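Me: I am new to reading structures. Please show me how to read a few features, one at a time.

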Amino acid sequence: MKSIRLTNKFYTILILSCFIFTFSGCGGSDDDDNSCQVFLECQEGTAWENIGWLGTYLKFQNNTSNPWIVYDTYDGGCYFSTQSSSVEQITLIEHSKNILKYRTGYVGGINHGISTYTYSNGKITYRDEYYINGVLDEVDIYTFNKSSVNLSSLVICD
């Protein structure tokens, strides 16, 4: 009788151990990844391709004064490179793990934009709001898929 109780205890402990390990944080999912805290840190060096405009790539840098570089081509032969540092008056509004939102200003302060990059479900959505005299005039939304293209190998136009 004593050996049956020991065997039952052994199996109970074994089953509980498996249960605790399975539902503890030990085998967490990718969504629980806490290795990065903010958008630019999480997306550092990643390349993204615009779904609607073939030949448009986006690369993020962990630098709040120059967070992104865009590569565009019109003929597939060479790419034009534009850095966010060329945009006037970037003011950070939100910089969380999945959102980068900032305001841009234009000469004279009459026109400005609000740009938002949101990471969700393995894609990045870019929302570009354009304001004239404080009134929302136009909204453009673009979706980017992660790309394996080596952006440093692109031929840059002169």
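Reply: Start with exposure. Buried means under 20% relative accessible area, exposed means over 50%, and partly exposed lies in between (1.4 Å probe, protein chains only). Note that this is a predicted model: local features need pLDDT of at least 70, side-chain atom pairs count only at pLDDT 80 or more, and totals for chains, interfaces and linings use all residues. Residues are numbered from 1 along each chain as its sequence is written, and side-chain values use heavy atoms, with hydrogens and water left out.

Me: Is Cys78 buried, exposed or partly exposed, and why?

Reply: Cys78 has a relative accessible area of 22%, so it is partly exposed. Cys157 counts as buried, because its relative accessibility is 15%.

Me: How many disulfides does the structure hold?

Reply: First, the idea. A disulfide is a covalent bond between the sulfur atoms of two cysteines. Here it is a pair of cysteine sulfur atoms within 2.5 Å. The structure holds two. One joins Cys78 and Cys157, with the sulfur atoms 1.9 Å apart. Cys78 lies in the loop between β3 and β4 (80-83) and Cys157 in the segment after β9, so the pair ties together parts that are 79 residues apart in sequence. Strands such as these are DSSP runs (E, at least two residues), numbered from the N terminus.

Me: Which cysteine is joined to Cys36?

Reply: Cys42 is, at 2.0 Å from S to S. This link is right-handed, with 95° about the S-S bond. Cys36 itself counts as buried, at 12% relative accessibility.

Me: How do I read a pocket?

Reply: Rolling a probe the size of a water molecule over the atoms shows where empty space is left. On a 1 Å grid over the protein atoms alone, a pocket is an open set of points where a 1.4 Å probe fits, with protein on both sides within 12 Å along at least five of seven lines; lining residues have an atom within 4 Å of a point. Points are joined across faces, edges and corners, and the volume is the space filled by probe spheres set on them. The largest pocket holds about 530 Å³.

Me: Which residues lie nearest the centre of the largest pocket?

Reply: Trp68, Val70, Tyr126, Asp128 and Tyr142 do, out of 23 lining residues. Elements giving two or more residues to this lining include β3 (68-72) and β8 (123-132).

Me: Which residues does Thr91 touch?

Reply: Contact means heavy atoms within 4.5 Å. Thr91 touches Tyr102 and Arg103, not counting residues up to four places away in sequence.

Note on methods
Helices (H or I, at least four residues) and strands (E, at least two) are DSSP runs, numbered from the N terminus.
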